[in-house]
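Student: I have a model open and want to learn how to read its features. Can we go through them one by one?

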Amino acid sequence: MKVLFSNPPWWLEQVTVSQNGTSRDMCLAGIRAGSRWPHTIHTYSTPDNFVFGGYLPYPFFMGYASTYAARATGAEVAMRDSLALRESYASYFNHLREAGYRYIFIESASPSWDHDGQIIFAIKKVVPEARIVVTGPISSKGKEIMENFPVHAVIKGEYEKGSVRVLEGEEGVIEHDLLTLEEMNNAPFPYYDEVIAHRYWDDNPRGQTAPHAQVWSSRGCPFKCIFCVWPATMTGNDPDGTAKRTVRHYSPDYMEAFLSELVGKYGYSSIYFDDDTFNIGNAHVLKMSEVMTRIGLPWSAMCRADTSRMESWKVMRDSGCYGVKLGFESGNQWVVDNIVNKHLDLEYATKVVHEIKRLGMTCHGTFTYGLPGETKEQMLDTKRFLASLPLDTWQESGCAAIEGTPLSNLEEEKVQKVFPGAVADDNYVVEADGAKKWRELAYSLANS
């Protein structure tokens, strides 16, 4: 039995972009599996012509599910990341015709769903015998998908165990069935291959050297930011922000074996830990710093400012960490507390940035605009706060409403109690593509 875990092509249009007085043709394309907030992005790549550079995330859930399903079922499993291949629709469908897959798993979310729904219909015409399985945050609409699309099953949440259940005969909507901590640490390492292993890239935080590996050392996050996708839909089941959220750590032994194999096979020059929050728990930070000291490569991580001790930033630095990403979301404390529900003290977070810079590390900050109930003056507060920080780089995006998150369920009374400042007033624009929303917001804020 042949099985495909597929991240299909997502092309929109070719555009001409002016940079430093020079015009250059680019494509507007999509980023899907591997991104917490799938979105559209300009790329120098064109269909069937990969050009290195620009944000391209490794599809974590898909990579782990591919090897897990292969080991558990004995099926002939392949993972095809068309976004890393930058293949055209024609090349993709030709591959499906020739390969003869019995099952095709596709990960999707709100920003790509209109496109991906059409892809599903097209796949069914090209290979009508294939059974299509939908995964990803869009699975929160599982019943609706089953009723309106030629789909064999929809798997909610991370989908290692769900994919095995489907390959063993189940169909329909498969509810969340997450790996236990023991299962996670006994699972096979995720899928990589020679063609795409070096293509994944994230410019930030500054200091990345290619080729770099994007990896997880944990799954989940206990915090309940209103827009955050994976803890609500994938590593947990909490669409309204009222359930318990947890974090599961990979053991140091698992991570050292995984990283040693990865570096040995593919010769990576640096490691980026793209956990939801790498530094949840000081003990994990210290253990992973010990692992990275033995691995001996420069590394970076996605962190929070306040979930490990101040002195641990130096431990990270001494073990080879050259930079971190920190989420601030807003520069207005009221917005952080009452709309985002992040529980982050911005004054303390500012001290952390200065400490990170004092240690000689780089720091990348993330900010979002256009939250429900947020005023224009509060957005300008974020602009002012950002300008006050000694950040090396930063990301500004529009707040994206992805299916399965509290932000997508604002009308529910339970959500309103947890996020009292989140009001869908006349100024709030609902948009699933945060990059598109920011393109529309940026001009207005720049001219305020």
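**Reading the model**

Tutor: Y443 is exposed, at a relative accessible area of 62%. Exposed means over 50% relative accessible area, buried under 20%, and partly exposed in between (1.4 Å probe, protein chains only). Y443 sits in helix α16. Helices (H or I, at least four residues) and strands (E, at least two) are DSSP runs, numbered from the N terminus. Before going on, note that this is a predicted model: local features need pLDDT of at least 70, side-chain atom pairs count only at pLDDT 80 or more, and totals for chains, interfaces and linings use all residues. Residues are numbered from 1 along each chain as its sequence is written, and side-chain values use heavy atoms, with hydrogens and water left out.

Student: Is N7 buried or exposed?

Tutor: N7 counts as buried because its relative accessibility is 1%. This residue belongs to strand β1. Not counting residues up to four places away in sequence, N7 touches R32, A33, M62, R80, D81, S82 and L83.

Student: How do I read a helix? Which residues of α3 are buried?

Tutor: Helix α3 covers residues 89–99, and its buried residues are Y92, F93, H95, L96 and A99. Seen down the axis of α3, these fall within an arc of 150°, so they line one face of the helix. The arc is that of the directions from the helix axis to the C-beta atoms. Among the elements covering these buried residues are β1 (2–7), β5 (76–81), α2 (82–85), β6 (103–107) and α4. After α3 comes G100, with a positive phi near 70°.

Student: And cores? How many residues does the largest nonpolar core have?

Tutor: In soluble globular proteins, nonpolar side chains tend to be buried together. A nonpolar core is a set of buried Ala, Val, Leu, Ile, Met, Phe, Trp, Tyr and Cys residues joined through side-chain atoms within 4.5 Å. Here the largest has 92 residues, and F273, V324, L326 and F328 have the most contacts inside it. Helix α1 (residues 60–73) provides the largest share of this core, 7 residues. Another core of 21 residues lies apart from it, with F93, A99, I132 and V151 among its members.

Student: What is F328 in contact with?

Tutor: Leave aside its neighbours within four places in sequence. F328 then contacts V336, K342, L344, L346, A349, V353, G365, T366, F367, F385, L389 and L391.

Student: What lines the second largest pocket?

Tutor: The lining consists of W10, L12, L28, T40, S110, P111, D114, E431, A432, D433, K436 and R439. The pocket holds about 210 Å³ of space. Helix α4 (110–126) and helix α16 (434–446) each supply at least two lining residues, and α4 gives the most, with 3.

Student: Last, the backbone. Which peptide bond has omega of about 0°?

Tutor: Most residues other than glycine have a negative phi, and most peptide bonds are trans. The bond joining N204 and P205 is cis, with omega about 0°. From A210 to P211 the bond is also cis, omega near -5°. P205 lies in the loop between α7 (181–186) and β10 (212–215), and P211 is in the loop between α7 and β10. For positive phi, look at E329, near 75°, in strand β15 (residues 321–329). N341 has a positive phi near 65°.

Definitions and conventions
1 Å grid on protein atoms, 1.4 Å probe; cavity = no way out; pocket = protein on both sides within 12 Å on 5 of 7 lines; lining within 4 Å. Points joined across faces, edges and corners; volume = space filled by probe spheres on them. Contact = heavy atoms within 4.5 Å.
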